[in-house]
Amino acid sequence: QVQLVESGGGLVQPGGSLRLSCTASVSYFSSSDLTWYRQSPGKEREMVSGISYDGRTNYPDSVKGRFTISRDNAKTTVYLQIDNLEPDDTAVYYCTLDYRPGWGHRRFYWGQGNQHTVPS
């Protein structure tokens with residue numbers, strides 16, 4: 001069973017920064033697309049950052065300029081840096097790993113999710 005282990009964050013004051021990490025011990029990490037999602041109370045889960053296997057990044061307009069996704073294939077870890085935190089960033093944050101080989105089966109996994117709170 002593949003596990004995506006998330007760490008970082010917690011309670012951070014408005015205006016501060018947060019760095020989340022997600023580690024997946026799989027041999028195909030470097031060939032996988034990685035994405036961060038979040039879910040705030042009463043809202044649907046939303047994608048907040050993505051990075052492809054070849055390093056292309058993708059952000060929704062709502063977080064551009066404040067969120068930065070990066071990856072370290074040697075450590076099989078993806079990071080999410082959030083700057084200038086706002087109370088609306090309070091959510092459970094999840095990472096995902098999406099591996100689509102040219103052959104064989106797609107593999108898609110979710111992290112366990114971690115709550116991060118920015119008090120108002």
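These legends describe close-up views of a predicted model. Local features need pLDDT of at least 70, side-chain atom pairs count only at pLDDT 80 or more, and totals for chains, interfaces and linings use all residues. Residues are numbered from 1 along each chain as its sequence is written, and side-chain values use heavy atoms, with hydrogens and water left out.

**View 1. An open sheet holds 4 strands.**
The strand order is β1-β2-β7-β6, with antiparallel pairing. At the edges are β1 (4-7) and β6 (67-72), and each pairs on one side only. Neighbouring strands of this sheet are turned by 15° against each other on average, direction ignored. Strands here are DSSP runs (E, at least two residues), numbered from the N terminus. Two strands pair if DSSP finds at least two bridges between them. Axes are lines fitted to C-alpha atoms, and angles run from 0 to 180 degrees between N-to-C directions.

**View 2. Strands β2 and β7 run antiparallel.**
Strand β2 covers residues 18-24, and β7 covers residues 77-82. They are joined by 6 bridges. Leu18 has Ile82 in β7 as its bridge partner. Strands of a sheet pair through backbone hydrogen bonds.

Arg38 faces Glu46 in β4 as its opposite residue. The hairpin of β3 and β4 has 6 residues between the strands. In this hairpin, Gly42 takes a positive phi near 80°.

**View 3. Ser49 is buried in strand β4.**
Strand β4 spans residues 46-51. The relative accessible area of Ser49 is 0%. Buried means under 20% relative accessible area (1.4 Å probe, protein chains only). Beyond its neighbours within four places in sequence, Ser49 contacts residues including Trp36, Tyr59, Phe67 and Leu80. Contact means heavy atoms within 4.5 Å.

**View 4. The largest nonpolar core has 28 residues.**
Such a core is a set of buried Ala, Val, Leu, Ile, Met, Phe, Trp, Tyr and Cys residues joined through side-chain atoms within 4.5 Å. Trp36, Phe67, Leu80 and Leu97 touch the most other members. The elements giving two or more residues are β2, β3 (33-39), β4, β6, β7 and β8 (91-99). β8 gives the most, with 5 residues. Not counting residues up to four places away in sequence, Leu97 touches several residues, among them Leu4, Val26, Phe29 and Phe108.

Key: Buried < 20%, exposed > 50% of the residue type's maximum accessible area, 1.4 Å probe, protein only.
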